[in-house]
Amino acid sequence: MARFSADPVAPAAPAISEQNKAIMLSSSLYSNPHPHLRLLHFRPPNPLSNVVLHLPSNQKPNATVASADLRRNNPTEKPSTNVSDPIQPEPRKHNSKSAALVNQYLSSGESPNPQNLEPPLPEEEKVKLLELSLVRKRTPQFPGSIYVQSPSDSDVGSSLPPLQSLFRNAGSEFDGEDDRKIIRRALEIRRKVTSEIFKEAMRKGKFGITYTDNLLGWLSDFIDFVMIQAASMKQLPEFAHLSFNLRAKTVIEESNVVPLIRWLKHNSLSYPQIGKLICMSKGKLESIRRLVEWLKGIHVKGGYLGLTLTKAGGNILERSNDELDEIVSYLESNGVRMVWIGFVMSRCPYLLSYSLEELKSRVEFFLNMGMNEKDFGTMVFDFPKVLGQYSLEDMNQKVNYLKEFGLEIEDIGRLLAYKPQLMNGSIEGKWKPLVKYFYYLGISKEGLRRMLTIKPVVFCLDLETIIVPKVQFFRDIGVRDDGISNMLVKFPSLLTFSLYKKIRPVVIFLMTKAGVREKDIGKVIALGPELFGYSIVHKLEVNLKYFLSLGIHTRTLGEMIADFPMLLRYNIDILRPKYQYLRRTMVRPLQDIIDFPRFFSYSLEGRIIPRHQVLVENHINLNLRSMLACTDEEFKNKVADIVEKRQRFESGNVDGSLSVVHTTRNSIDSTTLDDSLGETRED
């Protein structure tokens with residue numbers, strides 16, 4: 001215990017400022033239970049504690065000397081020789097808020113009013129008040145809690161401060177903004193409370209925690225709907241006395257949303273699709289079940305149920321079954337089979353949102369191009385988006401652009417019936433750059449028209465990622481630009497083949513196994529681009545093995561392919577009879593085939609056998625090129641000239657007259673020649 005010396009002759013303490021007086025006054029008002037006693041604050045040498053004594057008001061405190069024990073704890077401090085040192089008062093730390101409030105009023109020049117001395121609530125305390133007032137679950141408490149932590153307690157209204165105290169300072173613009181923040185925060189807390197009520201309902205429906213949390217992320221609009229309905233139910237007399245939690249629970253139970261979620265999940269709908277549908281329904285959840293049943297009736301299966309409903313548009317849930325049945329009946333009457341309707345609707349859900357008049361205008365657009373019902377039905381089944389995804393104005397612009405290549409409206413109709421994916425392209429973004437690039441390669445407008453007619457899917461390909469790399473590859477292996485343009489016009493399907501899975505493997509096969517030299521590979525590709533359309537294993541390699549079995553070396557076979565690339569295209573059943581006739585009947589050596597591999601391109605019955613018979617009858621021997629690579633008239637003239645020269649040689653009249661020549665020509669049985677050299681065709 002500290003010791004004091006009550007010296008009555010001690011000097012007076014220096015004057016205390018007005019602010020310190022106010023601080024001391026505030027401290028005495030809020031913490032001193034005996035206002036007739038004055039506070040004395042002593043600062044001992046040891047700063048661990050302050051000594052406070054209450055003395056009667058009629059006695060004056062004197063300076064005191066701390067005990068030796070206290071001074072011994074602070075040896076660095078010099079002992080005071082003046083026993084009359086003034087004592088400096090310090091504000092009490094646990095009353096700092098009250099002192100700060102008094103300082104605020106003193107600095108503003110206002111007199112403190114004890115009734116208005118309550119400071120404004122900080123932002124953290126306001127948020128805590130909101131959470132305490134709106135929370136649903138009882139939070140853990142500790143002994144001595146200031147507030148009751150659960151609104152379900154009976155005395156929650158008396159223990160919690162009123163919420164009106166949060167909005168009492170709404171006079172200024174800044175205070176109004178704070179009030180709006182508090183209101184937004186209150187709505188967020190209310191949403192969390194509603195979400196917890198929904199989670200509890202899902203748990204009662206035997207749903208897992210993870211599925212419930214994932215689904216709740218897609219149900220923000222439905223949670224707001226439940227909040228609004230629960231708030232509006234307070235106006236009804238039977239729900240006026242219920243809390244918000246009970247009203248929200250009632251809304252969720254009456255909507256039957258949990259059984260609906262279970263049924264939709266059973267029908268293979270994912271939780272994002274379920275969440276979107278529930279939010280799209282705007283509280284009319286029975287429409288979801290009705291439309292799902294209707295879609296199942298037209299054979300929409302599996303996960304396409306949710307995809308069809310979510311992609312069809314916002315008004316799909318508002319349409320009746322009769323309106324949807326009219327759409328199905330109209331499509332069925334125009335060539336779309338009933339077994340195709342489910343596939344069409346699942347791939348193009350926009351058709352369900354169109355009115356019957358708009359759908360009729362779209363169908364007539366295609367029928368006016370010369371399509372019949374069969375072509376229209378197969379077109380819609382092949383590419384359902386062509387009917388419902390694009391606007392009529394956009395489709396008219398594309399049809400007019402295709403007319404610039406010299407195509408008639410009926411030709412365009414046939415193109416769309418065969419490849420409706422043409423409508424998926426953009427004129428400015430895809431078609432014009434593609435046409436400009438083809439013009440750069442040297443392809444004329446007539447060539448583009450042929451490409452469109454043979455392979456319209458070329459106009460659906462991407463220029464930068466599909467066409468340009470293939471053209472560059474052909475340039476790298478030695479094909480010139482004019483050869484590339486001829487290849488594309490002759491065989492436009494070449495652009496649809498994969499560069500790394502089809503084109504490059506065929507080139508590697510020709511150079512490694514077929515014996516084609518590097519300098520000849522460009523010529524082979526330019527002359528025979530159709531080789532890319534055949535399988536290496538089932539076609540090209542089979543023909544290669546057949547020619548090697550005839551005794552032709554690989555290098556020689558490569559030269560034959562360079563001379564006639566189509567040699568690998570023919571079937572073995574066609575090659576074998578021709579080779580047997582050449583070797584057995586014509587008694588020709590294998591070298592004749594090596595010198596003239598085009599021999600296999602001519603018809604055995606239409607050209608090879610008749611011309612060989614003429615040569616045998618006239619005792620003439622010609623090589624295969626002279627025998628076959630000419631027209632019938634040229635062949636007759638060749639045979640006549642050879643017979644004439646032989647007769648003149650045999651008669652010894654080398655310089656025979658014209659009459660002898662005419663006689664010799666007439667001596668040939670022209671009737672036999674005409675019969676044996678009739679119209680022939682190539683294989």
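1. Let's start with helix α20, which spans residues 409-418 and holds both aspartate 411 and arginine 414. Three residues, or about one turn of the helix, separate the two. (Helices here are DSSP runs of H or I, at least four residues long, numbered from the N terminus.) Before going on, please keep in mind that this is a predicted model, in which local features need pLDDT of at least 70, side-chain atom pairs count only at pLDDT 80 or more, and totals for chains, interfaces and linings use all residues. Residues are numbered from 1 along each chain as its sequence is written, and side-chain values use heavy atoms, leaving out hydrogens and water.

2. The side chains of aspartate 411 and arginine 414 also form a salt bridge, at 2.1 Å from N to O. The term stands for a side-chain nitrogen of Lys or Arg within 4 Å of a carboxyl oxygen of Asp or Glu. Aspartate 411 is partly exposed, at 24% relative accessible area, whereas arginine 414 is exposed, at 54%. (Buried is under 20% relative accessible area, exposed over 50% and partly exposed in between, with a 1.4 Å probe and protein chains only.)

3. By this rule, the model has 18 salt bridges. One of them pairs aspartate 224 with arginine 191, at 2.8 Å from N to O. Aspartate 224 is partly exposed at 23%, and arginine 191 is partly exposed at 33%.

4. Arginine 475 and aspartate 481 make another salt bridge, with their closest N and O atoms 3.0 Å apart. Arginine 475 has a relative accessibility of 27% and is partly exposed; aspartate 481, at 35%, is partly exposed too.

5. Now for the inside. The largest nonpolar core contains 167 residues, and the members touching the most others are Phe198, Ile261, Phe366, Phe438, Phe474, Leu510 and Ile525. Helix α21 (residues 427-441) contributes the most to this core, with seven residues. (A nonpolar core is a set of buried Ala, Val, Leu, Ile, Met, Phe, Trp, Tyr and Cys residues joined through side-chain atoms within 4.5 Å.)

6. Which residues does phenylalanine 366 contact, leaving aside neighbours within four places in sequence? They are Met371, Phe376, Met379, Val386, Leu387, Met395 and Leu416, with contact meaning heavy atoms within 4.5 Å.
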